[in-house]
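Please consult the sequence and the structure while reading.

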Amino acid sequence: MGRVSQAQAEENRRRVVDTASRLLREQGTQVSVADLMKAAGLTHGAFYKQFTSKEALVDEATAHAFAELARHHGAGLERYEGQREAAQQALIDTYLSTEHRDDPGHGCPVAALATDIAREGGEREARRVYTEGVADFAGFLATDDQDGIARLCTLLGALVLSRATKGSPLSEEILAAAHAALTKAD
């Protein structure tokens, strides 16, 4: 088989990182390299031409997921013309929706990666990126009257519990209760 052009190699790498970002949020870090590469439409052998290890890909995919989150927050501020409270409310509405609950692959990396990052040992890049991403998200949610960390904990806890109880009426009740708590306090 012929060599891949530099442009194609860059596109392949971007596709692998994007696919890994989605699959890590759906399945966690236990997703295999073979499954990941298959989902990206590439061979298992191509992985080692792009990444030194699975851990290196997890680091990069985590950074990619948090960059998406930051772009989403920025787009919300732009959409609401800098009106932070309106952007925050739109985020809360979306975050506590059944659509977000049901699509972890495209959802919040804070909720999707929390347990896997907690299990990671040492000073990994993914943990650093995750920690900074949590702090940035909490900063986005802060108001004059409410701590962003408490608001983030409410969002995160509700989403995780709602996903764990999906298929039962309790799942929707959890989302509604958290929504009411966050909007009532505003």
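Which helix supplies the largest share of the lining of the second largest pocket? Helix 4 does, with five residues. The model is a predicted one, in which local features need pLDDT of at least 70 and side-chain atom pairs count only at pLDDT 80 or more, while totals for chains, interfaces and linings use all residues. Residues are numbered from 1 along each chain as its sequence is written, and side-chain values use heavy atoms, with hydrogens and water left out.

**Overall fold**

- The protein chain holds ten helices and zero strands; helices (H or I, at least four residues) and strands (E, at least two) are DSSP runs, numbered from the N terminus.
- Read from the N terminus on, the order of elements is α-α-α-α-α-α-α-α-α-α.
- The C-alpha trace of the protein chain spans about 60 × 40 × 30 Å along its principal axes.
- Of the 186 residues, 41% count as buried, where buried means under 20% relative accessible area, exposed over 50% and partly exposed in between (1.4 Å probe, protein chains only).
- Contacts (heavy atoms within 4.5 Å) in the protein chain between residues at least 6 apart in sequence join residues at least 24 apart in 64% of cases.

**Second largest pocket**

- A pocket is defined on a 1 Å grid over the protein atoms alone as an open set of points with protein on both sides within 12 Å along at least five of seven lines, whereas a cavity is a set of points where a 1.4 Å probe fits but cannot get out; lining residues have an atom within 4 Å of a point.
- The second largest pocket has a volume of about 240 Å³; a volume is the space filled by probe spheres set on the points, which are joined across faces, edges and corners.
- The lining of this pocket has 15 residues, and the closest to its centre are Leu69, His72, His106, Gly107 and Cys108.
- Helix 4 and helix 5 each give at least two residues to this lining.
- By class, the lining divides into seven nonpolar, six polar and two charged residues; Ala, Val, Leu, Ile, Met, Phe, Trp, Tyr, Cys and Pro count as nonpolar, Asp, Glu, Lys and Arg as charged, and the others, Gly among them, as polar.

**Largest cavity**

- One cavity of 30 Å³ or more is counted, and the largest cavity holds about 30 Å³ of space.
- Its lining consists of Leu24, Val31, Val33, Leu36, Lys54, Leu57 and Val58.
- The elements that give two or more residues to this lining are helix 2 (33–40) and helix 4 (54–79), and the largest share, three residues, comes from helix 4.
- The lining of the largest cavity has six nonpolar, no polar and one charged residues.

**Helix 9**

- Helix 9 (residues 148–164) has 17 residues, which at 1.5 Å a residue should span 24 Å, and its end C-alpha atoms are 24 Å apart, in agreement; the expected span is 1.5 Å times one less than the number of residues.
- Buried in helix 9 are Gly148, Arg151, Leu152, Leu155, Ala158, Leu159, Ser162 and Arg163.
- Because these buried residues fall within an arc of 135° seen down the helix axis, they line one face of helix 9; the arc is that of the directions from the axis to the C-beta atoms.
- Ile149 and Ala164 are exposed on the face of helix 9 turned away from its buried side.
- The cover over the buried residues of helix 9 includes helix 5 (84–95), helix 6 (98–101), helix 7 (109–119), helix 8 (125–141) and helix 10 (169–184).

**Single residues**

- Val17 lies in helix 1 (residues 6–27) and counts as buried because its relative accessibility is 5%.
- Not counting residues up to four places away in sequence, Val17 touches Phe51, Leu57, Glu60, Ala61 and His64; Val17 and Leu57 are 40 residues apart in sequence and 7.0 Å apart in space, C-alpha to C-alpha.
- Glu68 belongs to helix 4 and counts as partly exposed at 25% relative accessibility.
- Leaving aside neighbours within four places in sequence, Glu68 is in contact with Asp18 and Arg25.
- Glu68 and Gly107 are 39 residues apart in sequence, with 9.7 Å between their C-alpha atoms.
- Glu81 is in the loop between helix 4 and helix 5, is exposed with a relative accessible area of 71%, and has a phi near 50°, a positive value in a residue other than glycine.
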